[in-house]
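Let's take a walk through a protein model and look at how some of its parts pack, and at the spaces left between them. Keep the structure open while you read.

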Amino acid sequence: MDQVGHFIGGKHVASTSGRSQDIMQPMDGTVRGQVALGTVAELRQAVENAKAAQPAWAATNPQRRVRVLMKFLQLVERDYNELAELLAREHGKTIPDAKGDIQRGLEVVEVCIGAPHLMKGEFTDGAGPGIDVYSMRQPLGVVAGITPFNFPAMIPLWKIAPAIACGNAFILKPSERDPGVPMKIAELFLEAGLPAGILNVVNGDKEIVDAILDDPDIKAIGFVGSTPIAQYIYSRATANGKRAQCFGGAKNHMIIMPDADMDQTVDALIGAGYGSAGERCMAISVAVPVGKETADRLIEKLVPRVESLKVGPSTDPTADYGPLVTQAALDRVRGYVDTGVKEGAKLVVDGRGFTMQGYENGYYMGGCLFDDVKPDMKIYKEEIFGPVLSVVRAANYEEALKLPNEHEYGNGVAIFTRDGDAARDFASRVQVGMVGINVPIPVPIAYYTFGGWKGSGFGDLNQHGSDAFRFYTKTKTVTSRWPSGVKEGAEFVIPTMN
Ligand code: NAD
């Protein structure tokens, strides 16, 4: 049985809270171990360690700092299979998908190796008589990240890598549902040469999250999870004077124009809608065919594909997707399907009754497909986060565009078409943060930024790319004049460039 405590000051530290939660193995419903639910005092211990270690780390030159990231990449390469298996067993996704989760995290680590360049300031020679002006980016100090269950490697790495590359110390509070990989990441960074105390992992629930939000020594918080919690964290963190970026839930649409290649579209939709059991913030959960003929062709091709999805345990490399993360998640998703039926949507493929032979206690669900979903239905308005795809039929392009534009969420969206004009118009007018043109899951590559609009993101700066270096640093601007440029006599008027 795994007993997961905290990782503080370069060491595993047991919790004294007396509170813990089971870590489940979704593929068979067994208990893998327990994770501690930490206390305010344990958070303080992590903060004290981080505060003590951070000044020396910030004073280490940036090239030496990123050498630790380079070494970390090598160590993950060494332990890749072990990490992917642990991730798949705790989360439920398949091992190939778990490898993708790790890989998308590593791609951000790779970009952060450019930190010495990305942190460079600006310089103006001769801004006035004998005056030079320059700016520099300095780390914030101690910063924290609170992350969700669905990408237990990728999202922690999106936060840890830029934060530490910039010279901060980091405190991670991962999801209590799959804390194993985040703990391994901390061990690997230590082995790579990161000084003890620069990366700490505290485990827990609301109690420790609230302690992070209220701790005066934590200067910035990056959150990823559901929208109600994102809003709560953003408002409490900013009320406490912290910098915050909080990313929330999603309802991602795919608009299918009449000229789209239907075979390619269906391939894309099957992967983006049902991969990882739909537990991705960039999963497509709404397909919007434009025109009746497009909709009928789509349904005709989609139904047999959804019916033949291969659901399997995380250890089956041939499975399309694995179980949901918990029994509660399974009950919630099944509940949404029941609601959709009651609301009058047409359930053309019903995966509710699926059981996995030999894994009867796992949290499996077959693919579900709804046709004729209407925008006022709960199954359209809310995030389901499961293997359920809703088809909302639109009469024309304008009606289709209105759907993502008027939706509460604005994380990702896609259009499938061969028409360049339509694609260009869509990319320009759609009110969503990340757009795919014939790309179903438009997660931007690591050197661009990731972030949703509207109810999917709170705060000004996105994750990774150049925004991460802005988020984890503060700018200082220096105006200098040396004696050769100094005029005689005191100046009482505000200096201007006249
Ligand atoms: P969640 O909101 O339940 O949990 C996220 C984190 O918040 C966890 O660390 C959890 O311990 C903590 N938390 C939960 N309840 C809390 C409370 N009441 N007070 C304080 N902290 C609390 O989310 P989840 O179920 O782990 O993840 C799934 C959600 O995350 C989905 O809504 C998904 O769309 C979203 N997500 C968004 C993005 C994005 O980039 N926009 C990426 C991945 C996941």
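This is a predicted model: local features need pLDDT of at least 70, side-chain atom pairs count only at pLDDT 80 or more; totals for chains, interfaces and linings use all residues.

The largest cavity holds about 120 Å³ of space. Its lining is made of 15 residues, and Gly278, Arg280, Ala283, Ser285 and Phe385 are the ones nearest the centre. Sort that lining by class and you get 7 nonpolar, 5 polar and 3 charged residues.

How much space lies in the second largest cavity? About 60 Å³. Its lining includes Ile155, Trp158, Val224, Phe247 and Gly248, along with Cys281, Asn411, Phe450, Ser456 and Gln463. Here the classes come out as 6 nonpolar and 4 polar, with no charged residues.

## The largest pocket

Now for a space that is open. The largest pocket has a volume of about 870 Å³. It is lined by 36 residues, and if you want to find its centre, look for Phe149, Arg177, Gly225, Ser226 and Ile229, which lie nearest to it.

Which elements each supply at least two residues of this lining? They are α7 (206-214), β11 (218-224), α8 (227-239) and α11 (327-343). The largest share comes from α8, with 5 residues. Taken by class, the pocket lining has 19 nonpolar, 9 polar and 8 charged residues.

## α3 alongside α5

On to the helices. Two packed helices are described by the angle between their axes and the distance between the axes. For helix α3 (residues 95-112) and helix α5 (residues 154-165), the angle is about 15° and the axes are 8 Å apart. Angles under 35 degrees count as roughly parallel, so α3 and α5 are roughly parallel to each other. Their crossing is right-handed.

Who does the touching? On the α3 side, the contact is made by Asp101, Ile102, Arg104, Gly105, Leu106, Val108, Val109 and Cys112. On the α5 side, Met154, Leu157, Trp158, Ala161, Pro162 and Ala165 take part. That gives 11 nonpolar, 1 polar and 2 charged residues in this contact.

## α2 against α5

Helix α5 has another partner to look at. The axes of helix α2 (residues 62-91) and α5 come within 9 Å and cross at roughly 150°. Are these two helices roughly parallel or roughly antiparallel? Angles over 145 degrees count as roughly antiparallel, so that is the label for α2 and α5.

In this contact, Arg65, Val66, Leu69 and Phe72 of α2 meet Leu157, Ala161, Ile164 and Ala165 of α5. The classes here are 7 nonpolar, no polar and 1 charged.

Key. Residues are numbered from 1 along each chain as its sequence is written. Side-chain values use heavy atoms; hydrogens and water are left out. Axes are lines fitted to C-alpha atoms, for helices over the stretch in contact, and angles run from 0 to 180 degrees between N-to-C directions. Helices (H or I, at least four residues) and strands (E, at least two) are DSSP runs, numbered from the N terminus. Angles under 35 degrees count as roughly parallel, over 145 as roughly antiparallel, 65 to 115 as roughly perpendicular and the rest as oblique. A crossing is left-handed if the near helix is turned anticlockwise from the far one by less than a right angle, and right-handed if clockwise. Contact means heavy atoms within 4.5 Å. Ala, Val, Leu, Ile, Met, Phe, Trp, Tyr, Cys and Pro count as nonpolar, Asp, Glu, Lys and Arg as charged, and the others, Gly among them, as polar. On a 1 Å grid over the protein atoms alone, a cavity is a set of points where a 1.4 Å probe fits but cannot get out, and a pocket is an open set with protein on both sides within 12 Å along at least five of seven lines; lining residues have an atom within 4 Å of a point. Grid points are joined across faces, edges and corners, and a volume is the space filled by probe spheres set on the points.
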